[in-house]
Amino acid sequence: MDIILATNNAHKVEELKRMLEPLGYTLFAQKEKGISLEVEENGTTFEQNAYLKAKAIYDLTGCAALADDSGLCVDALDGAPGVYSARYAGEPCDDKKNNAKLLQAMEGVQDRAAQFVSVICYIDEKGEAHYFRGECPGTVGFEEKGNGGFGYDPLFMVGEKSYAEMTGAEKDAISHRGRAIRLLADYLKK
Ligand code: IMP
């Protein structure tokens, strides 16, 4: 079955393909279908934003579409940056600036608890939306660690390792997106 990924984020495309293609699904990044759409993410929840992105691609193509909306929710910052994770330090989105702003916001803060959240909205061929939420608890590190991944990966610690210090397989096994994708995969298998 073909599914179009409603994202321009190459890292998300890599992770989604890495986890879903071995299960027999053929995924196309929207770019591979010649679609350069940037949807305005004006929702206030991960669910709303994931739906906006998936629906835009479904309406354009009539094909099954999948979008991930994700972000880092830090307890000591009342859940920020949350749905605003991509543009935490302003636009255009800049991972380095976001990480610097997060480190600054957490200066002197002892409670480093945080959750990474991914909500996947899958719109099937009939236009029906299905939601899958994955969360990964961890902490905000005191400095950037590791060279892999993207976004807040160097600052998000699960135990002793940051996401950026993990291999792709290690991250997939515990990550917010990995958890959401496995729920989606269970649903698709039925
Ligand atoms: P959006 O889902 O396109 O609104 O953007 C999510 C933002 O959350 C990304 O731009 C990253 O800053 C952050 N993010 C989401 N998932 C991850 C991840 O797996 N690692 C690091 N940062 C992530």
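Visitor: How many residues surround the ligand, and which are the closest?
Guide: This is a predicted model, where local features need pLDDT of at least 70, side-chain atom pairs count only at pLDDT 80 or more, and totals for chains, interfaces and linings use all residues. Numbering starts from 1 along each chain as its sequence is written, and side-chain values use heavy atoms, without hydrogens and water. The shell holds 17 residues, and the closest are Lys12, Glu41, Asp153, Lys171 and Arg177.

Visitor: How do the residues of this shell divide by nonpolar, polar and charged?
Guide: Ala, Val, Leu, Ile, Met, Phe, Trp, Tyr, Cys and Pro count as nonpolar, Asp, Glu, Lys and Arg as charged, and the others, Gly among them, as polar. The shell then splits into four nonpolar, five polar and eight charged residues.

Visitor: How far is a polar side-chain atom of lysine 171 from an oxygen atom of the ligand?
Guide: A polar contact is a pair of N or O atoms within 3.5 Å. The side chain of glutamate 41 has an N or O atom 2.9 Å from a ligand oxygen. For aspartate 69, the side-chain distance to a ligand oxygen is 3.2 Å. For lysine 171, it is 2.7 Å.

Visitor: How much of the ligand's accessible area does the protein cover?
Guide: Areas come from the Shrake-Rupley method with a 1.4 Å probe. On its own, the ligand has 490 Å² of accessible area.

Visitor: Where do proline 81 and proline 92 lie?
Guide: The bond from alanine 80 to proline 81 is cis, with omega near -5 degrees. Glutamate 91 and proline 92 are also joined by a cis peptide bond, with omega about 0 degrees. Proline 81 is in the loop between E3 and helix H3 (95-105). Proline 92 has its place in the loop between E3 and H3.

Visitor: Is aspartate 78 buried or exposed?
Guide: Aspartate 78 sits in the loop between E3 and H3. Its phi is near 55 degrees, a positive value in a residue other than glycine. Buried means under 20% relative accessible area, exposed over 50%, and partly exposed in between (1.4 Å probe, protein chains only). At 77%, aspartate 78 is exposed.

Conventions
A residue is near a molecule or strand if one of its heavy atoms lies within 4 Å of it. A polar contact is a pair of N or O atoms within 3.5 Å; within protein, one must be able to donate a hydrogen and the other to accept it, and residues adjacent in sequence count only if both atoms are side-chain atoms. Helices (H or I, at least four residues) and strands (E, at least two) are DSSP runs, numbered from the N terminus.
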